[in-house]
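Subject: Structure for you to look at

Hi,

Here is the structure I promised to pass on. Have a look at it first, then read my notes below.

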Amino acid sequence: INAEYMGIGEVFSDQSCNVAYIDQGAVDATLDYPNSWIIKNVFGGQQSLKGLDGVLSNWNQFPQNGRYQATFLDNHDNPRFLNVYPNKITQLKNAIVWLMFSTGIPIIYYGTEQGFSGGADPANREPLWSSNYNTNSDLYIFINATINARKNLKPWTYSFATKYSADQVYAWQKGNTLIVVSNQNYNIKVTIGGLSIASGTVLNDQLLSGFSGTVENGQITVTLTNGLPLVLSGGSGPTPDKCTVSNRVDCGYVGINQQQCEAKGCCWIPSPTSGVPWCYFANNATLVQ
């Protein structure tokens, strides 16, 4: 790897071919195509999350255990995640957290933050201006929170240590940060052990759930509300405004408008994503009857 720059190549082939290009010095790293399919299948396709162990094994074949692999979910050549797995918003959020906190250099393709769901090229190259560059969309808010957490916690500076591997939940530790993901969209409660974090340490979610738990004897019990991921660290979590929520709960009815919605004490933010309510409950909302 050059100290000042590196070359990443696109090798649209299997694992062995990607490894060969790097081993022969053709490129420093590649777009992580072989593992992108596994990642999309275990989250969007809800195959066993134990498949992520295979991704780690594949990464170990690359220099520095895949640290320089360019990881992605959506791109301009293949159908988007939400095209292959329609309405799997929660699963997409979990996959994004895996992308941002596992290994490699994560790439977020434009439009993912707007819930774009285009199919094969050119349908996956939607004009971004059709979204009005919405910075209040559910996925935009979530991805922004995830990026901020990544910047603050610097997961790339720590080694990867798996702490829980099961069909529906996967957890790993990076430094003093514990990341927990799922491929479901309902509440999941699980105890994760083997942590190298001191007893009595309070871990707070750095995303949007507000979850907080305490490590005791190397373990912690967590709840993934509606299956949403957790990025747990000893630092205080973000303080979202009243309309920043991790999962929108419908507060309206068919035909409700913005004035009627806000009169109920709820939030009104349009979303281009099918099934995501425009009128939804705010944080700590008190419903006006």
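First, a definition: on a 1 Å grid over the protein atoms alone, a pocket is an open set of points with protein on both sides within 12 Å along at least five of seven lines, while a cavity is a set of points where a 1.4 Å probe fits but cannot get out. Lining residues are those with an atom within 4 Å of a point. Points are joined across faces, edges and corners, and the volume is the space filled by probe spheres set on them.

Before the findings, please note that this is a predicted model, where local features need pLDDT of at least 70, side-chain atom pairs count only at pLDDT 80 or more, and totals for chains, interfaces and linings use all residues. Residues are numbered from 1 along each chain as its sequence is written, and side-chain values use heavy atoms, with hydrogens and water left out.

Pocket and cavities

The largest pocket holds about 380 Å³ of space. It is lined by 21 residues, and Asn65, Arg67, Ser102, Thr103 and Lys174 are the closest to its centre. H3 and H5 are the elements that give two or more residues to this lining (helices are DSSP runs of H or I with at least four residues, strands are runs of E with at least two, and both are numbered from the N terminus). By class, the pocket lining has 10 nonpolar, 8 polar and 3 charged residues. Here Ala, Val, Leu, Ile, Met, Phe, Trp, Tyr, Cys and Pro count as nonpolar, Asp, Glu, Lys and Arg as charged, and the others, Gly among them, as polar.

As for cavities, the whole structure has 3 of 30 Å³ or more. The largest cavity has a volume of about 50 Å³. Of its 10 lining residues, Ser137, Asp138, Leu139, Ser271 and Thr273 are the closest to the centre. That lining divides into 3 nonpolar, 5 polar and 2 charged residues.

How many of the 11 residues of H2 are buried? The count is 8, so H2 is largely enclosed by the rest of the structure (buried means under 20% relative accessible area, exposed over 50%, and partly exposed in between, with a 1.4 Å probe and protein chains only). Those residues are Tyr33, Pro34, Asn35, Ser36, Ile39, Lys40, Val42 and Phe43. Their cover includes H1, H3, S3, H4, H5 and S7, with contact meaning heavy atoms within 4.5 Å.

In H3, which runs over residues 51-59, Leu52, Val55, Leu56, Asn58 and Trp59 are buried. Viewed down the axis of H3, these buried residues fall within an arc of 160°, so they line one face of the helix; the arc is that of the directions from the helix axis to the C-beta atoms. They pack against H1, H2, S3, H5, S5 and S6.

Asn94 sits in helix H5 and is buried, at 0% relative accessibility. Apart from neighbours within four places in sequence, Asn94 contacts Phe43, Val181, Ser182, Gly227, Leu228 and Pro229.

Loops

Ser130 is in the loop between S4 and H6 and is exposed, with a relative accessible area of 51%. A polar atom of the Ser130 side chain lies 2.7 Å from the backbone oxygen of Pro127. Pro122 is also in the loop between S4 and H6, and the peptide bond from Asp121 to Pro122 is cis, with omega near 15°.

Gln206, in the loop between S9 and S10, is buried with a relative accessible area of 12%. A polar atom of its side chain is 2.9 Å from the backbone oxygen of Asn204.

Ser159 lies in the loop between H6 and S5 and counts as exposed at 61% relative accessibility. It touches Gln173 and Lys174, not counting residues up to four places away in sequence.

Finally, a couple of backbone angles. Gln64, in the loop between H3 and S3, has phi near 50°, a positive value in a residue other than glycine; Gln64 is partly exposed at 49% relative accessibility. Asn226, in the loop between S11 and S12, has phi near 55°, again positive in a residue other than glycine. Asn226 is partly exposed, with a relative accessible area of 26%.

Cheers

Terms used
Polar contact = N/O pair within 3.5 Å; in protein donor to acceptor, adjacent residues only side chain to side chain.
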